[in-house]
Amino acid sequence: MKLKSWKELEEGGVVRNTPTSLEYKTGDWRIKTPFFLEGECSQCLLCFLYCPDSAIKVKFGKVVGIDLDYCKGCGICANVCTRGAIYMKEEDI
């Protein structure tokens, strides 16, 4: 059986049996690491909303940490934090 190319798939076609991002930990790509200061956090959740990697851990509506397995160190969370509860530090290489 000849498989269809992506150009031949119907619009809205589904690709099956592909790995998800949960199977690929990308945290080792970063050169800067975010640090979370829980006592400074106002729980505005801006870091959670803006994180492109969904690396901000939230439990019961509160930020509880950062998943470094998936954080690529972009620093967006630190930039949007209005209280300075997240800061970036260079990785030791």
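Predicted model: local features only at pLDDT ≥ 70, side-chain atom pairs only at ≥ 80, totals over all residues.
**Overall layout**

The chain has 93 residues, of which 25% count as buried. Its secondary structure comes to 2 helices and 4 strands, and from the N terminus on these elements run β-α-β-β-α-β. Among the contacts with a separation of 6 or more, 63% are between residues 24 or more positions apart.

In soluble globular proteins, nonpolar side chains tend to be buried together. In this chain, the largest nonpolar core holds 13 residues, and the members that touch the most other members are Cys47, Ala55, Ile56, Val63, Ile66, Cys77 and Ile86. Strand S3 (62-66) and helix H2 (76-80) are the elements that give two or more residues to this core.

Cys47 shows how separate parts of the sequence come into contact. When neighbours within four places in sequence are set aside, Cys47 is in contact with Ile56, Val63, Cys77, Val80 and Ile86.

**Nonpolar surface patch**

Phe48, Leu49, Tyr50, Val58 and Ile76 make a nonpolar surface patch of about 460 Å². Helix H1 (residues 46-50) gives the largest share of the patch, 3 residues. Tyr50 lies in helix H1 and has 47% relative accessibility; because this value is between the 20% and 50% cut-offs, Tyr50 counts as partly exposed.

Thr33 lies in strand S1 (residues 32-36). Its relative accessibility is 8%, and because this is under 20%, Thr33 counts as buried. The side chain of Thr33 is joined to that of Arg30 by a polar contact of 3.4 Å. Not counting residues up to four places away in sequence, Thr33 touches Leu68, Tyr87, Met88, Lys89 and Glu91.

Glu91 is placed in the segment after strand S4 (86-90). Glu91 is partly exposed, with a relative accessible area of 27%. Apart from neighbours within four places in sequence, the residues in contact with Glu91 are Arg30, Ile31, Lys32 and Thr33. Glu91 and Lys32 are 59 residues apart along the chain, yet their C-alpha atoms are separated by 5.1 Å.

**Salt bridges**

Side chains of opposite charge can pair when their charged atoms come close. The count for this model comes to 4 salt bridges.

| Pair | N to O distance |
|---|---|
| Asp69 and Lys25 | 3.5 Å |
| Glu90 and Lys32 | 3.8 Å |
| Lys72 and Asp53 | 2.8 Å |

The side chains of Asp69 and Lys25 meet in a salt bridge. This pair links distant parts of the chain, with Asp69 in the loop between S3 and H2 and Lys25 in the segment before S1, 44 residues apart. Asp69 is partly exposed, with a relative accessible area of 36%. Lys25 has a relative accessible area of 53% and is exposed, because the cut-off for that class is over 50%.

Glu90 and Lys32 also meet through their side chains in a salt bridge. Here too the pair links distant parts of the chain: Glu90 is in strand S4 and Lys32 in strand S1, 58 residues apart. Lys32 is partly exposed, with a relative accessible area of 34%.

A salt bridge of 2.8 Å, N to O, is formed by the side chains of Lys72 and Asp53. Lys72 lies in the loop between S3 and H2, whereas Asp53 lies in the loop between H1 and strand S2 (56-59), so this pair ties together parts that are 19 residues apart in sequence. Lys72 has 29% relative accessibility and counts as partly exposed. Asp53, at 21% relative accessibility, also counts as partly exposed, because buried means under 20%.

Definitions and conventions
Residues numbered from 1 in each chain as written. Heavy atoms only, no water. Patch = residues over 30% accessible without salt bridge, like charges linked within 9 Å, V, L, I, M, F, W, Y side chains within 5 Å. Areas by Shrake-Rupley, 256 points an atom, 1.4 Å probe, with all protein chains shown as cover. Buried < 20%, exposed > 50% of the residue type's maximum accessible area, 1.4 Å probe, protein only. Polar contact = N/O pair within 3.5 Å; in protein donor to acceptor, adjacent residues only side chain to side chain. Contact = heavy atoms within 4.5 Å. Core = buried A, V, L, I, M, F, W, Y, C linked by side-chain atoms within 4.5 Å.
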